[in-house]
Amino acid sequence: NILILGACGQIGTELTLALRQEYSNDQVIASDIREGGENLMDSGPFEILDATDYDALEEIVAYYEIDEVYLMAAMLSATAEKFPMRAWNLNMNSLFNVLNLAKDKKISSIFWPSSIAVFGPNTPKMNTPQHTIMEPSTVYGISKQSGERWCNYYHHKYGVDVRSIRYPGLISWKTMPGGGTTDYAVEIYHKALSDGEYTCFLKEDTNLPMMFMDDAIRATMAIMKTDITNIKERSSYNLAAMSFTPDQIARSIKQSIPDFTITYNPDFRQRIADSWPNSIDDTEAKADWGWKAEFDLEKTTNEMLRNLKH
Ligand code: VAH
C-alpha cells in the first residue's frame, strides 16, 4: 500500500487523487498534520499524522501495511525564511524518519521532492545542468540540498530505493500553494478572475523555471514506476517544462482577459527568486526514464482559467 505524508499540500492533494485513480482508493492512505478538502477526505483512508513523529509514522506504516511512501510534507522557501529552525526540523526529520523506515526494511521505496531551490546565486542560471555548483542561500534550499545528500548516502550505504525530482515552481488550481516564492504564478490567475488585477511580489523580468501540476504529477508517477535500473541519479533529477517572467504570464492572461492589469511591488521573496536559475537542463530525466513535458505557458493559462472560472 501507499502512504502520502503532507497529502493536503499543493502537490500532495493532486498526487493523492492521481494515485487513487491509478490504484484503488483503499490502497492509498493520505495523511497530514491537518484535515484537507472533501475531495481528498472522501476518496479514501485519511490519518492525522505529524511526519516528524517517528513512532506515530511507524505505527501507521505497520497498520496499513505500507510499502511505498511519498514524503510531500515540507515548509517552503518563503515561510522557511521566517521560521528557519522549524523548517529545518520539519524538512529534515521527516526525511530521516522515512529513510530509516526503509533502511530497517519496514518500507520498500520512497519518493522525496527536491527543488530548483538547491541551486544558488553562483550556479549557472541558463540551462542549469544536473551536476553543477550548488550553494543555496535559503533555508529551504539548504534543507533540500542536504536532503539530496542524505538520500544519496542512504541509497549507496543501505540500498534504500529513494527517488527524487527537483521540482520547478508548480502551478495548479485544485489547492492553493503554501508559502512558496513561485506562488505568485498561482495567485495571479485567481486575482485576474476575481479582481481583474494583480499586484506581483516579484519584478516583471524575474525569469523562473515553472511547470503545470499535471506534468509534475505525471513525472512523479513515472519515476516511481520506471524500472529501478533506469534510476542513475540518487540525489535528485533536474526536471523542466517552461520558464517565464511575471510579464509573460500576465500577457498570456491578457489573451483571455484583455482588461487584466498587473502592478509590481517586490518584497523579500525577490531575493529568493534572484538566487534561483532561469532555466533547467533535464537531459538526464529524459534519457533515464523518458521524461517529456506537455504543458507550455499558453496551455497552462487556458487550463487554469478554464478550471477557475466556475
Ligand atoms: C517554493 N514552490 O516556491 C516552491 C518551490 C522552486 C519553488 O520550491 O518555495
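## Conventions and model

Residues are classed by relative accessible area, with a 1.4 Å probe and protein chains only: buried means under 20%, exposed over 50%, and partly exposed in between. Asp267 is partly exposed on this scale, with a relative accessible area of 27%.

The structure is a predicted model, in which local features need pLDDT of at least 70 and side-chain atom pairs count only at pLDDT 80 or more, while totals for chains, interfaces and linings use all residues. Residues are numbered from 1 along each chain as its sequence is written, and side-chain values use heavy atoms, with hydrogens and water left out.

## Annotated span

The UniProt record, an unreviewed entry, lists residues 2–227 as "domain: NAD-dependent epimerase/dehydratase"; UniProt positions are given in the numbering used here, feature names are shortened, and annotations may be inferred rather than shown by experiment. Helices (H or I, at least four residues) and strands (E, at least two) are DSSP runs, numbered from the N terminus.

## Salt bridges

The model contains 13 salt bridges, each defined by a side-chain nitrogen of Lys or Arg within 4 Å of a carboxyl oxygen of Asp or Glu. One of them joins the side chains of Lys225 and Glu22, with an N to O distance of 2.0 Å. Lys225 belongs to helix H8 (residues 213–225) and Glu22 to helix H1 (residues 10–22), so this pair ties together parts that are 203 residues apart in sequence. Glu22 is partly exposed, at 40% relative accessibility.

A salt bridge also forms between Arg166 and Glu148, whose closest N and O atoms are 2.7 Å apart. This pair links strand E6 (residues 162–167), which holds Arg166, to helix H6 (residues 139–158), which holds Glu148, across 18 residues. Both Arg166 and Glu148 are buried. In the salt bridge of Asp267 with Arg269, the closest N and O atoms are 2.6 Å apart; Arg269 is buried, with a relative accessible area of 18%. Asp161, Arg163 and Arg234 are joined in a network of salt bridges.

## Nonpolar cores

In soluble globular proteins, nonpolar side chains tend to be buried together. A nonpolar core is here a set of buried Ala, Val, Leu, Ile, Met, Phe, Trp, Tyr and Cys residues joined through side-chain atoms within 4.5 Å. The largest has 42 residues, of which Ile171, Tyr184, Tyr189, Phe244, Ile249 and Phe260 touch the most other members. Elements that each supply at least two residues include H6, strand E11 (242–244), helix H9 (246–256) and helix H12 (297–308). Helix H7 gives the most to this core, with 6 residues.

Beyond its neighbours within four places in sequence, Phe244 has contacts (heavy atoms within 4.5 Å) with residues including Ile171, Tyr184, Met210, Ile249 and Leu297. Another core, of 32 residues, lies apart from the largest one; among its members are Ala18, Leu40, Phe46 and Phe111.

## Surface positions

Trp88 lies in helix H5 (residues 84–103) and is partly exposed, with a relative accessible area of 36%. Gln255, in helix H9, is exposed, with a relative accessible area of 70%. The C-alpha atoms of Gln255 and Ser43 are separated by 36 Å, the two residues being 212 residues apart along the chain.
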